[in-house]
Amino acid sequence: MARPLPPILRAPWSADAVDPSPPAAEAIDRAVEILKRGGLVAIPTETVYGLAADALDAEAVAGIFRAKGRPSTNPIIVHVADVAMAMSLAGQWPAAAEAIATRFWPGPVTVVVPRGPRIPDIVTAGGATVALRCPAHPLARRLIADSGLPLAAPSANRSEAVSPTTAHHVLESLGNRIDLILDGGPCAKGIESTVIDCTTSPPRILRPGPLSRAELERAVGGPVAWPEATEAEGPLRSPGQQARHYAPKTPLEMRADASDRVAALVGEGRRVGWLTSRTDDPDVRRLAASRDLLIVPMPADPESFATRLYATLHALDQRQLDCIVVDEPPDTETWRAVRDRLHRAATR
Ligand code: TXA
Ligand code: MG
């Protein structure tokens with residue numbers, strides 16, 4: 001028998017409030033109950049929505065893999081309330097992890113450290129390390145603190161789909177596969193956390209994200225390495241990271257020659273969505289008259305671009321387009337995380 005759709009509980013929490021509003025407090029209580037009995041709750045974080053379960057309950061975590069259709073080789077990030085909880089789950093707590101957590105938590109960075117004995121195999125995909133993050137969204141933090149549970153939480157989407165940045169994205173992707181959705185509003189950062197391996201010297205970024213390499217280098221007081229190879233070029237150390245990931249259903253291309261490409265596609269009678277920051281460009285204005293073209297103005301700075309990217313892709317996926325074209329962003333460090341996501345979105 002089909003399960004019903006999960007309730008979406010609105011849980012407003014204004015930025016300056018220390019304690020949750022009454023509806024948010026009630027929603028947190030419901031979520032705690034569900035998590036304690038091994039259920040699945042979608043939660044807001046500052047990066048993307050996560051699909052949470054008790055990280056210490058192997059059966060509950062198995063439910064995450066089933067709901068997402070996630071390969072069992074892909075380990076899951078464990079969300080903690082603070083550094084003390086992180087240390088209680090780690091086998092060792094490297095100096096780089098301490099420096100990064102102290103400087104940036106709660107925040108959009110995940111540290112990979114040696115795993116402690118409390119973490120079930122299924123969380124780490126059998127590996128010797130565990131990924132830990134303290135999220136900045138007040139709802140997520142209060143949920144972890146109130147339940148006392150570390151929460152295993154990958155992004156709350158079906159495997160390989162675009163990560164959710166609103167409660168409705170979660171409902172569309174996971175629907176009746178989960179028990180509850182906490183709606184804490186749209187995510188501020190909009191792309192997944194920076195993942196950094198602190199078991200190597202120097203520490204190495206496994207997934208670029210909202211926190212830049214320069215910021216991480218300042219915190220650790222030394223060099224931080226990039227991934228050994230991009231997904232397109234070869235295997236990454238981050239286990240289970242597939243090249244095709246974060247992809248919309250509509251085929252997507254990242255192009256340096258976007259105007260020419262869009263003109264050609266429209267010329268062939270294709271319906272095209274074009275993500276561009278150059279809305280004043282004469283090329284863009286000329287093409288804008290075409291009925292088969294939807295121009296989506298995007299911010300010109302990387303942080304705002306990231307905040308909007310997934311919501312834009314989710315929206316375009318509803319429009320029956322033949323293809324999405326994105327202006328290639330500059331090949332600079334500040335655009336690295338956005339370029340990484342666009343590369344993956346373009347991989348079929
Ligand atoms: O912002 C985020 O990180 C979001 C929110 C919900 O916190 N979570 C997220 O989870 O993006 P997920 O599962 O979609 O991505 C987790 C990434 C994967 O690339 C995985 O390979 C890597 O973290 N990862 C997890 N555990 C790891 C480990 N022990 N060693 C190396 N990489 C690991
Ligand atoms: Mg994901």
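Student: Is aspartate 322 buried, partly exposed or exposed, and at what relative accessibility?
Tutor: Quick heads-up: this is a predicted model, with local features needing pLDDT of at least 70 and side-chain atom pairs pLDDT 80 or more, while totals for chains, interfaces and linings use all residues; side-chain values use heavy atoms, without hydrogens and water. Residues are numbered from 1 along each chain as its sequence is written, chains are lettered from A and ligands numbered from 1 in the order written. Buried means under 20% relative accessible area, exposed over 50%, and partly exposed in between (1.4 Å probe, protein chains only). Aspartate 322 therefore counts as partly exposed, at 27%.

Student: Which side chain meets aspartate 322 in a salt bridge?
Tutor: A salt bridge here is a side-chain nitrogen of Lys or Arg within 4 Å of a carboxyl oxygen of Asp or Glu. For aspartate 322 the N to O distance is 3.1 Å, and the partner is arginine 271.

Student: And how many residues apart are arginine 271 and aspartate 322?
Tutor: Helices (H or I, at least four residues) and strands (E, at least two) are DSSP runs numbered from the N terminus. Arginine 271 sits in the loop between α9 (258–267) and β12, and aspartate 322 in the loop between α11 (302–316) and β14 (323–327). So the pair links distant parts of the chain, being 51 residues apart.

Student: Are arginine 285 and aspartate 280 buried or exposed?
Tutor: Their side chains also meet in a salt bridge, at 3.4 Å, N to O. As for accessibility, both arginine 285 and aspartate 280 are exposed.

Student: Which residue in β13 is the bridge partner of leucine 275?
Tutor: Strand β12 (residues 272–276) pairs with β13 (residues 293–297) in the parallel sense over five bridges; pairing takes at least two DSSP bridges. Across that pairing, leucine 275 has as its partner valine 296.
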